[in-house]
Amino acid sequence: MNIIFTFFYFLFLPYVRMRGKTLPVNTVEEMKKRIIVEKPGTLTSFLEKFNEYMHVIAGDREAIKRIAREFVEDKAKEGVIYVEVRYSPHLLANSGVKEIPWNQEEGDLSPDEVVRLVNEGLSEGEREFKIKARSILCCMRHMPSWSKDVVELCKKYKDEGVVAIDLAGDESLNCEANPEHMEAYEEAVRCGIHRTVHAGEVGPASVVKEAVEVLKAERVGHGYRTLEDDDLYKKLLAQNMHFETCPISSKLTGACNADFTTHPVITFMKDKANYSLNTDDPLIFNSNLHHDYQTAHQHMGFTEEEFKRLNICSAQSSFLPAKEKEELLKTLNEAYEMIQSTAF
């Protein structure tokens with residue numbers, strides 16, 4: 001859950017030149033050095049890394065579908081059995097978008113077709129690598145004019161792999177939700193579309209409160225700053241609100257103290273909160289799910305039992321239909337019982 005759509009694996013010089021695009025470097029290693037974040041910075045500086053290469057991918061049908069399929073392959077190699085991947089269809093399109101992103105020339109790939117291509121790629125990956133993959137479509141805080149389109153796409157593809165709507169972007173620059181975001185979420189509630197919101201990553205606890213009380217979020221992306229408001233935190237604990245946490249990301253975006261031994265996730269663990277451990281753009285952070293789990297084990301005191309518990313929480317809080325969720329929980333419980341029975 002909450003694994004951000006990642007790019008770049010096969011897209012480099014021959015492909016870039018074929019499309020008539022340019023990059024500021026000549027080798028893969030040079031590009032990695034340019035975009036990988038190794039030291040703590042800010043959420044804004046992290047998001048700026050996408051400007052380096054997204055213009056190569058956006059608007060390209062073959063690239064988008066292939067990346068979706070290869071994303072599923074990567075998750076299968078990490079031992080994932082179910083993933084919800086989020087992305088902005090508008091950031092991958094070059095047609096039918098107000099303010100076309102990445103300084104692209106207008107083309108013929110609409111956000112609607114982007115969703116269709118991603119669904120096809122994820123479905124191919126599911127069949128080939130035997131795991132389940134669903135997607136969440138993102139509204140962007142800095143582009144409220146896209147949000148109405150996003151909720152309409154969620155409605156259109158609700159039965160074809162899209163399970164929820166999200167609000168993402170730079171909280172430090174766009175803290176409060178725009179009225180157009182609110183209207184999109186009101187429509188999502190009315191139509192039974194599941195809802196999550198990036199909130200409390202770098203923004204104050206009030207953003208989390210808005211996400212839950214105004215936007216009616218069922219899950220909170222990150223949510224670390226919730227702990228700054230004790231009353232709100234206790235209320236969300238009582239509501240069994242799910243927090244989508246990303247330890248490695250939180251260190252490198254400056255969302256949390258660089259010392260993992262004081263990370264807010266430790267409080268979630270001690271309080272038996274409903275939360276998950278996830279990756280957040282493995283490309284730019286040069287990381288994967290194993291790295292986040294290893295970090296939690298080595299520096300935060302996580303045990304095997306806690307990993308099992310949080311994965312059960314993740315499955316229970318997934319946006320799958322009831323029958324599929326029941327099957328997922330059965331698979332996990334059977335696997336964990338087997339681990340327990342062979343440990344002696």
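Which residues do ring pairs link into a cluster? In this predicted model, the cluster holds Tyr233, Phe243, Phe268, Tyr275, Tyr293, Phe302 and Phe307.

**Aromatic pairs**

The whole structure contains 9 aromatic pairs. One of them joins phenylalanine 46 and phenylalanine 285, with ring centres 4.7 Å apart and planes at 20°. That angle is under the 30 degrees limit, so the pair counts as stacked. Phenylalanine 46 sits in helix α3 (residues 43-47), and phenylalanine 285 sits in helix α13 (residues 282-285). Phenylalanine 46 is buried at 5% relative accessibility. Phenylalanine 285 is buried too, with a relative accessible area of 5%.

Tyrosine 233 and phenylalanine 268 make a tilted pair, 6.0 Å centre to centre with 35° between the planes. Tyrosine 233 belongs to helix α10 (residues 230-238) and phenylalanine 268 to helix α12 (residues 264-270), so parts 35 residues apart in sequence are tied together. Both tyrosine 233 and phenylalanine 268 are buried.

**Nonpolar cores**

The largest nonpolar core has 96 residues. Tyr53, Ile165, Tyr275, Leu277 and Phe302 touch the most other members. Leucine 277 has contacts beyond four places in sequence with Thr245, Pro247, Val265, Leu289, Tyr293, Ala296, Phe302, Phe307 and Leu310. A second core of 8 residues is separate; among its members are Ala315, Leu320, Leu332 and Tyr336.

**Salt bridges**

Side chains of opposite charge can pair when their charged atoms come close. The count here is 32 salt bridges.

| Glutamate 78 | Lysine 75 | 3.0 Å |

Glutamate 78 is buried at 14% relative accessibility, and lysine 75 is buried at 2%.

Glutamate 187 is buried at 19% relative accessibility, whereas lysine 155 is partly exposed at 28%.

Glutamate 218 lies in the loop between α9 (205-213) and β6 (219-222), and arginine 195 lies in strand β5 (residues 194-199), so parts 23 residues apart in sequence are tied together. Glutamate 218 is partly exposed at 31% relative accessibility; arginine 195 is buried at 12%.

Salt bridges also link Arg61, Lys65, Asp108, Glu113, Arg116, Glu120 and Glu124 in a network.

**A buried charge without a partner**

Aspartate 292 is buried yet has no salt bridge. The nearest side chain of opposite charge is lysine 75, 8.6 Å away. Aspartate 292 is found in helix α14 (residues 289-300). Beyond four places in sequence, aspartate 292 touches Cys246, Pro247, Ile248, Asn278, Thr279 and Ser287.

**Cysteines**

How many disulfides does a search of the whole structure find? It finds 0. The sulfur of cysteine 139 is 7.1 Å from the closest cysteine sulfur, in cysteine 154, and therefore too far for a bond. Cysteine 139 is buried, with a relative accessible area of 0%. For cysteine 256, the closest cysteine sulfur is in cysteine 246, 10 Å away, again too far for a bond. Cysteine 256 is buried, with a relative accessible area of 10%.

Technical notes: Residues numbered from 1 in each chain as written. Predicted model: local features only at pLDDT ≥ 70, side-chain atom pairs only at ≥ 80, totals over all residues. Heavy atoms only, no water. Core = buried A, V, L, I, M, F, W, Y, C linked by side-chain atoms within 4.5 Å. Buried < 20%, exposed > 50% of the residue type's maximum accessible area, 1.4 Å probe, protein only. Contact = heavy atoms within 4.5 Å. Disulfide = S-S within 2.5 Å. Helix = DSSP H or I, 4+ residues; strand = E, 2+ residues; numbered from the N terminus. Lys, Arg positive; Asp, Glu negative; His and termini not counted. Salt bridge = Lys/Arg side-chain N within 4 Å of Asp/Glu carboxyl O. Phe/Tyr/Trp six-rings, centres within 6.5 Å; stacked < 30°, edge-to-face > 60°.
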